[in-house]
Amino acid sequence: MLDRPTSKSGWEARAHALRIEGRAFIDGAYVASLSGKTFERRSPIDGRVIASVADCDQADVDRAVTAARRSFEAGVWRDQPPAAKKKVMLRFAELIRENLDLLALLETLDVGKVIGNSLAVDVPFCADCVQYYAELADKMMDEVAPVGPKDLAILRREPLGVVAAIVPWNYPLIISAWKLAPALVAGNSVVLKPAEQSPLSAIMLAGLAKQAGLPDGVFNVVPGFGESAGKPLGLHPDVDMVTFTGSTEVGKLMLRYAADSNMKRVSLECGGKSPHVVLADADLDAAASGIAWGIFYNQGETCHAGSRVLVHRSVHKALVEKIQTVQREQIGLGDPLDPAAQMGALIEEKHMERVLGYVDLARSEGATVTCGGTRVRRETGGYYVDATILDDARSDMRIAQEEIFGPVLVVIPFDTEAEALHGANDSIYGLAAAVWTQNMNAAHRFSSAIKAGTVWINAFDKSSLATPFGGFKQSGFGRDRSVHAVEKYMDFKTVWTAYS
Ligand code: NAD
């Protein structure tokens with residue numbers, strides 16, 4: 001095994017020597033799209049083409065769904081004993097770990113996230129997730145309903161069949177694992193559709209799953225540009241469920257596709273505009289650290305990024321200064337292949353322009369651009385925006401309502417608790433929130449009243465595979481992570497036996 005590079009130039013050399021697989025993975029093999037069409041994948045690091053990727057369409061999706069259906073009906077995976085399933089999935093997790101450096105490099109080249117995070121977070125969290133669900137394989141029980149002494153009513157949990165997982169570009173490995181692992185442990189066959197901006201690690205995962213012993217057809221990957229593969233999957237009459245993470249706009253399309261086809265189940269993890277509420281008595285150093293990391297980590301390309309701060313007017317200026325200090329001292333922007341960098345590139349040029357457009361909008365709406373708001377490292381050819389704070393905002397401004405999905409924090413001062421609560425809930429989204437205060441009574445008044453899937457108290461972004469993740473309102477429904485995530489990939493069948 002090669003030693004892990006310790007410098008930017010070391011990673012660059014490793015990247016240069018890479019031979020990147022861009023084909024789809026269907027029925028246990030890497031294949032070109034039937035049309036022969038491909039699309040170019042440019043790295044956000046420098047705008048250079050790094051791979052040519054199969055552009056799958058209806059015909060490839062049909063092929064993948066047919067393979068998934070065949071494997072499901074043949075029971076090659078579903079009917080394996082729980083201990084055998086567990087063994088394969090544990091081996092899969094191990095192979096992900098054995099390929100840590102390679103997967104991390106692919107993820108960094110593809111997404112522009114910093115290599116340190118890909119190594120310490122994205123790849124390990126993906127492996128841990130597969131392991132977590134592997135370990136559930138032989139611990140899930142059916143139920144017996146209390147129907148009286150002469151009858152036996154078993155509530156048997158059965159897999160749904162073919163599950164399509166459609167995922168976004170910001171955490172490709174982690175979010176793919178959040179879908180794939182519980183769907184597989186439940187016994188389903190899966191067709192994964194990665195985002196066109198970040199298909200590479202998913203393609204590699206499929207090969208590792210096969211190496212681990214997952215039977216052919218049980219896990220397929222169909223990359224596609226725009227809606228070319230996603231729409232036929234959403235509309236497919238032989239897909240039993242779509243598990244989706246992405247924007248609220250495309251999430252709504254999934255509901256339409258289901259209604260226009262076979263009423264397949266849909267689970268949605270969509271956008272967010274997560275608020276921090278900072279009360280006057282908060283530990284400002286802790287809050288500043290949680291807020292700065294919560295928005296600038298992964299360049300703000302995080303669905304639950306704490307992108308709005310509602311702060312009591314008495315501590316407003318002090319807090320903003322502290323957030324800037326944390327960012328300056330700890331969260332430096334740099335080349336994603338530099339192990340010292342903490343913030344990298346935005347996913348693509350179009351997205352960078354969109355983020356910068358919100359900075360212009362902030363000025364015209366009357367907010368103050370306290371820092372950042374500009375494109376940096378332009379000479380690299382990559383897409384970088386520096387850490388940005390838009391201060392003195394109001395909740396009714398578009399910058400406070402719309403998901404910017406970049407390193408852009410919106411700060412809104414308030415005077416009363418009622419105002420803060422109203423502001424926190426004044427959003428179509430409800431993914432996550434945080435409350436910063438020493439007063440636990442106030443903290444729990446907020447944790448009860450805020451409509452969000454996760455509310456942190458004096459923390460931000462703490463997470464565990466044991467806790468469900470997902471949203472209220474237009475952030476979606478259905479939860480990833482935790483033992484409960486498996487439930488959505490199964491359904492009850494009542495088997496009633498009458499004794500004579
Ligand atoms: P997106 O909605 O544009 O794309 C998501 C997926 O849908 C991609 O695979 C894409 O190719 C596919 N897609 C796009 N148009 C389609 C269509 N017409 N039909 C079928 N499929 C289509 O989202 P994105 O830009 O990749 O990701 C960013 C969004 O994802 C943000 O809104 C972010 O908040 C959200 N997100 C949510 C969570 C969560 O857990 N709630 C996690 C990460 C990201």
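**Note on the ligand site**

1. The largest pocket is the space taken by the ligand, and it should be kept in mind throughout that this is a predicted model.

2. The shell around the ligand draws residues from both domain 1 (8-270 + 476-494) and domain 2 (275-464), and the ligand therefore lies between the two domains.

3. In total, 30 residues surround the ligand, and the closest of them are Val-167, Lys-193, Ser-247, Cys-270 and Glu-403. Sorted by class, this shell comprises 17 nonpolar, seven polar and six charged residues.

4. As regards secondary structure, at least two shell residues each are supplied by helix H8 (230-235), strand S10 (241-245) and helix H9 (248-260). Of these elements, H9 gives the largest share of the shell, with four residues.

5. On the side-chain side, a polar atom of Trp-169 lies 2.9 Å from a ligand oxygen atom, while a polar side-chain atom of Tyr-257 is placed 2.8 Å from a nitrogen atom of the ligand. Taken on its own, the ligand has 840 Å² of accessible area, of which the protein covers 90%.

Note on methods
Residues numbered from 1 in each chain as written. Predicted model: local features only at pLDDT ≥ 70, side-chain atom pairs only at ≥ 80, totals over all residues. Heavy atoms only, no water. Near = heavy atom within 4 Å. Polar contact = N/O pair within 3.5 Å; in protein donor to acceptor, adjacent residues only side chain to side chain. Areas by Shrake-Rupley, 256 points an atom, 1.4 Å probe, with all protein chains shown as cover. 1 Å grid on protein atoms, 1.4 Å probe; cavity = no way out; pocket = protein on both sides within 12 Å on 5 of 7 lines; lining within 4 Å. Sits in = over half its atoms within 2 Å of the grid points. Nonpolar A, V, L, I, M, F, W, Y, C, P; charged D, E, K, R; others polar. Domains from an automatic or database assignment.
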